[in-house]
Amino acid sequence: MEKINACMAALRDAVPEIEIVAQEPMSRHTTFAIGGPADLFVVPKTTEQLAGALKVIRSCGIPLLLLGNGSNMLVSDAGYRGAVICTTEMDDVRAEENGTLVAQAGALLGRVARRAQRAGLTGAEFSGGIPGSVGGAVFMNAGAYDGQMSGIVETTEYLDGEGNLHTLTGEEHCFGYRSSAFRTHSDWTVVRTTMRLQPGDPAAILDKMNDFAQRRRDKQPLNFPSAGSTFKRPEGYFAGRLIEDAGLKGVSVGAAQVSEKHAGFLINRGGATCDEMLRLIELVQQRVHEKFGVDLECEVRIVR
């Protein structure tokens, strides 16, 4: 803990206005509602605070985890031995006159979709029900229904490992299925993204968003903590269908369960531990491989 305490002191000296919490439970900051305490939990409100915090933490030589809405993350019951930087206070979203929408990394995708709708801009409707933030969505090229981030992202500002601000444009993002250039550059930190949208009728945009929302309510277990789809879609298959056909719908390990509503979702029925969820993930992967010869790749990031 000596290095952690020294890092906290250095943060307070270098970025005195930043919010720092010691031993903050990660279960409060992930959609799985699972995870022990982080040694340091740091919440910047500006790009300058973010850059300052990154510089200090890296100079202290302690592990660093970047966190948005925690919607695609499973954290160890022991917590995180290092510093977590959470960007949820960096959440400005604005529509520009040139048909773009500019959003900071911590802005929730639902807020992005609503702002676009009010501005009469179409193209972001798919993002309305994804429970993540802009930074994480760009990182993993999040998508749903008829769209994904690669279809609307124009530029992304980011901080490199030295704290310098850069901009990626178009194909420089190297978007792929649930991947981007940020996956291969772990020291890059998304700050702000500009999305190119198209003019549309606000009423029609809202109707489309409401249709997507109703489909989610009908098909997904939104009343339980989860990380959304737990597994990536295997080529030629649907993960949820494979899991259901393997007879796993409703199967539990402790309070971790394969959803009875949608087998592609692993849910926390209340008080599930990381260990229980990991054992359930492994059980699902093993059964699906035994029955169909298909290897399911976990889409959720495991933080130990």
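**Entry 1**

I note that the model is a predicted one. E11 and E12 run antiparallel and are joined by 5 bridges. Within this pairing I found Glu 157 opposite Thr 167 of E12.

I then asked how many of the residues of E11 are buried. The count is 5 of 7, and I recorded the strand as mostly covered.

**Entry 2. The sheet around E11**

I traced the sheet to which these strands belong. It is open and has 5 strands, in the order E6-E7-E13-E11-E12, with antiparallel pairing. E6 and E12 are the edge strands, each pairing on one side only. On average, neighbouring strands of the sheet are turned by 15° against each other, direction ignored. Helix H2, residues 47-60, packs on the sheet and touches E11 and E13. The direction of H2 makes about 145° with that of E13.

I next went through individual pairings. E6 pairs with strand E7 (residues 100-104) over 3 bridges, in the antiparallel sense. Here Arg 94 has Val 102 of E7 as its bridge partner. E11 and E13 are also antiparallel, with 6 bridges between them.

**Entry 3. Glu 157 and Arg 192**

Which residue of E13 is the bridge partner of Glu 157? I found Arg 192 in that position. The side chains of these two residues also form a salt bridge, with the closest N and O atoms 3.2 Å apart. Arg 192 lies in strand E13 (residues 189-196) and Glu 157 in strand E11 (residues 153-159), so the pair ties together parts that are 35 residues apart in sequence.

Glu 157 has a relative accessible area of 22% and is partly exposed.

**Entry 4. Other salt bridges**

I then examined the salt bridge between Glu 299 and Arg 178, which is 3.8 Å from N to O. Glu 299 is in the loop between helix H7 (274-292) and strand E19 (301-303), and Arg 178 is in the loop between strand E12 (165-169) and E13, so parts that are 121 residues apart in sequence are tied together. Are these two residues buried or exposed? I found Glu 299 and Arg 178 to be buried.

I also noted a network of salt bridges that links Arg 241, Glu 244, Asp 245 and Lys 249.

**Entry 5. Helix H5**

I turned to helix H5, residues 202-219. Its 18 residues reach 26 Å from the first C-alpha to the last, close to the 26 Å expected at 1.5 Å a residue. Its buried residues are Ile 205, Met 209, Phe 212 and Arg 216. Seen down the axis of H5, these residues fall within an arc of 60°, so they line one face of the helix. I looked up what this face meets: the buried residues pack against H3, strand E8 (121-122) and strand E9 (143-144).

Ala 33, although not a glycine, has a positive phi of about 60°. It lies in the loop between strand E1 (19-25) and strand E2 (37-43). I recorded Ala 33 as partly exposed, with a relative accessible area of 33%.

Asn 141, likewise not a glycine, has a positive phi of about 50°. Its place is in the loop between helix H4 (134-140) and E9. With a relative accessible area of 1%, Asn 141 is buried.

How values were computed:
Residues are numbered from 1 along each chain as its sequence is written. This is a predicted model: local features need pLDDT of at least 70, side-chain atom pairs count only at pLDDT 80 or more; totals for chains, interfaces and linings use all residues. Side-chain values use heavy atoms; hydrogens and water are left out. A salt bridge is a side-chain nitrogen of Lys or Arg within 4 Å of a carboxyl oxygen of Asp or Glu. Helices (H or I, at least four residues) and strands (E, at least two) are DSSP runs, numbered from the N terminus. Buried means under 20% relative accessible area, exposed over 50%, partly exposed in between (1.4 Å probe, protein chains only). Two strands pair if DSSP finds at least two bridges between them. Axes are lines fitted to C-alpha atoms, for helices over the stretch in contact, and angles run from 0 to 180 degrees between N-to-C directions. Contact means heavy atoms within 4.5 Å. The expected span of a helix is 1.5 Å times one less than its number of residues. The arc is that of the directions from the helix axis to the C-beta atoms.
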